[in-house]
Protein chains: 2
Amino acid sequence: MALPMSADAPTDICAIVRALNAGDMRTCARLITRIERSEPNLVPLLQALYRAGGHIRIVGVTGSPGVGKSTLVSKLVAVWRKRGLRVAVLAVDPSSPYSGGAVLGDRLRMKEHSCDEGVFIRSMASRGQLGGLAKAAGDALTVLDAMHWDVIVIETVGVGQSETDIMRHASVVVLLQTPMGGDDVQAAKAGITEIGDIFVVNKSEHPEADHTVRQLEEMITLALCLHPEKTWRPPVVKTRATHGEGVADLAGHIDGCFAHLAAQPETARLQLRDRARHRVGELLHYMLEQRLRSGVGLLPENLIDSVVARASDPYALAAGLLARMD
Amino acid sequence: MALPMSADAPTDICAIVRALNAGDMRTCARLITRIERSEPNLVPLLQALYRAGGHIRIVGVTGSPGVGKSTLVSKLVAVWRKRGLRVAVLAVDPSSPYSGGAVLGDRLRMKEHSCDEGVFIRSMASRGQLGGLAKAAGDALTVLDAMHWDVIVIETVGVGQSETDIMRHASVVVLLQTPMGGDDVQAAKAGITEIGDIFVVNKSEHPEADHTVRQLEEMITLALCLHPEKTWRPPVVKTRATHGEGVADLAGHIDGCFAHLAAQPETARLQLRDRARHRVGELLHYMLEQRLRSGVGLLPENLIDSVVARASDPYALAAGLLARMD
């Protein structure tokens, strides 16, 4: 449990915004720790940071455990670094209770880029907050965004609800999988064509790799038939992340996807609106839950007692509270 | 997608309430299907049903996949039936996209009790609603509660967030597990003593069974030291559900737990209040999500555009909407 802390004073907020703007990684790391701890009163600071941001390319990378996400991201970072781009990586693991940059994984991942001032790598885990993790990831992205990285990668495990929510923060989503038999691809079909802008078949040395690529291509063709309004056809890229093979190709496709968005200002604007609306909803749910748990105000005891006595009902109370928002 | 339907007319609502009151199982099954389909406009009916209910003992049964929950529940139902009690079972599976009573499992489970008018068994699955499943389970319990069963069992898989939410609908929670090595019990420790009122070690013929019982007893002792305000010590029961062994003993402990609650009216009242508050919150989140997705009203385009343009921010909008509730 975090101790209740007072909000940052306005002068502190200015100093923090300036420090982040100047690329101070320690300030950044410290802020993400405060976010992970669900420290209260961060809102004024996050508001200032949000308003200072919005210029960054955010790439999402997702896939099941063991498909090679962190290796691929590490190689992608290397490709971008060679081009002189400054890159931040936020790895979010909804299944892990550990975090705080103390994870062994972070240290291993950092190794390759540890002396590089142009790279920031950080993982966040659930710490039991579950539903709040997507919200916390959004807060952390707000911090990173204010630092003017050239690219931010947000990496997460799997295709559950919280992962999908986390991926909504990204403009371009890379969905990673390993070669597998036909039936498995079919089973996975439902979700993935909704999520991915680029598909990667990693471990391309596997005998089923080309088969998986063909199956993905067919699924994409089908999905585009069903959604003729979509103007982007997700490419399928083969990689062998451990050897760096195909990674430059993937980086090219990521550029291509951003270029496509830039050439479609109306689509890009809709995406930004959609993301803003989703983010407001996510924060509203979070704040509402905090209020309800605090037991202050919203639900007075006498109303609750009337529900317990069945003189009223939970539907009436919930609808009444919602109606007040109008 | 459910077609939008008009709300039940007041006369229909009265007829449905009467039919349920008289124990009409087809009406009940049909209503649960409507709930599963997230049919709109069910609220007036559910309100009437909620106000007609509240007299039922709800027992929750939870545990990992494969521990033997459905077998145990089936045997428990048999014990209760011998005593002349009428029993409803609602099995909720957050991991399965299938449902509607068409699940093979339901038919297998029904077999033993298929000719019995005193038993109702039904499963519900996620159908992609995820966060909404606990809410839907609460709606289904509201329907069952209005039918005046003697006992309702709500059964769910695992110990994740949505399962925990589902278990909050029950007054007595039975946590089922299989015998396992010492370390596994330790790893599972964190959550389970918070959730269970009665612990069951199923497959009692297993050589590790007594070891697991002892470990659970130790964990319970520790948990009670940390929470001396708790007046109920969860018993640990050994069962061999496939052979019906220990099931009558378990039924006795369930009675004991209800008797304990009845003898502690203040604790019982706090539990009911807590549950009502939780239920209002759950419905509020659900209704809010519906409203936000409908795109009507709450978040006008011009406000969203100001967030996209970074002239405003999502925190300000969310806080503004929340403040309107006060």
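The model is predicted, so local features need pLDDT of at least 70 and side-chain atom pairs count only at pLDDT 80 or more, while totals for chains, interfaces and linings use all residues. Residues are numbered from 1 along each chain as its sequence is written, and chains are lettered from A and ligands numbered from 1 in the order in which they are written.

**The contact.** Select chains A and B together. The contact takes 42 residues from chain A and 42 residues from chain B; two residues are in contact if their C-beta atoms, placed from the backbone, lie within 7 Å.

Next, on chain B, select α3 (43-52), α11 (265-294), α12 (301-308) and α13 (314-323), each of which supplies at least two residues of the side that touches chain A. Helices are DSSP runs of H or I with at least four residues, strands are runs of E with at least two, and both are numbered from the N terminus. The largest share of that side, 14 residues, comes from α11(B).

Colour the side of chain B that touches chain A by residue class: 26 residues are nonpolar, seven polar and nine charged. Ala, Val, Leu, Ile, Met, Phe, Trp, Tyr, Cys and Pro count as nonpolar, Asp, Glu, Lys and Arg as charged, and the others, Gly among them, as polar.

**Two loop residues.** Most residues other than glycine have a negative phi.

Select A:S38, in the loop between α2 (25-36) and α3 (43-52) of chain A. A:S38 is not a glycine, yet has a positive phi of about 55°. A:S38 is partly exposed, with 17 other C-beta atoms within 10 Å. A residue is buried if 20 or more other C-beta atoms lie within 10 Å of its own, exposed if 12 or fewer, and partly exposed in between, with C-beta atoms placed from the backbone.

Finish at B:K203, in the loop between β6 (198-201) and α9 (209-226) of chain B. B:K203 has a positive phi of about 60° although it is not a glycine, and is partly exposed with 18 C-beta neighbours inside 10 Å.
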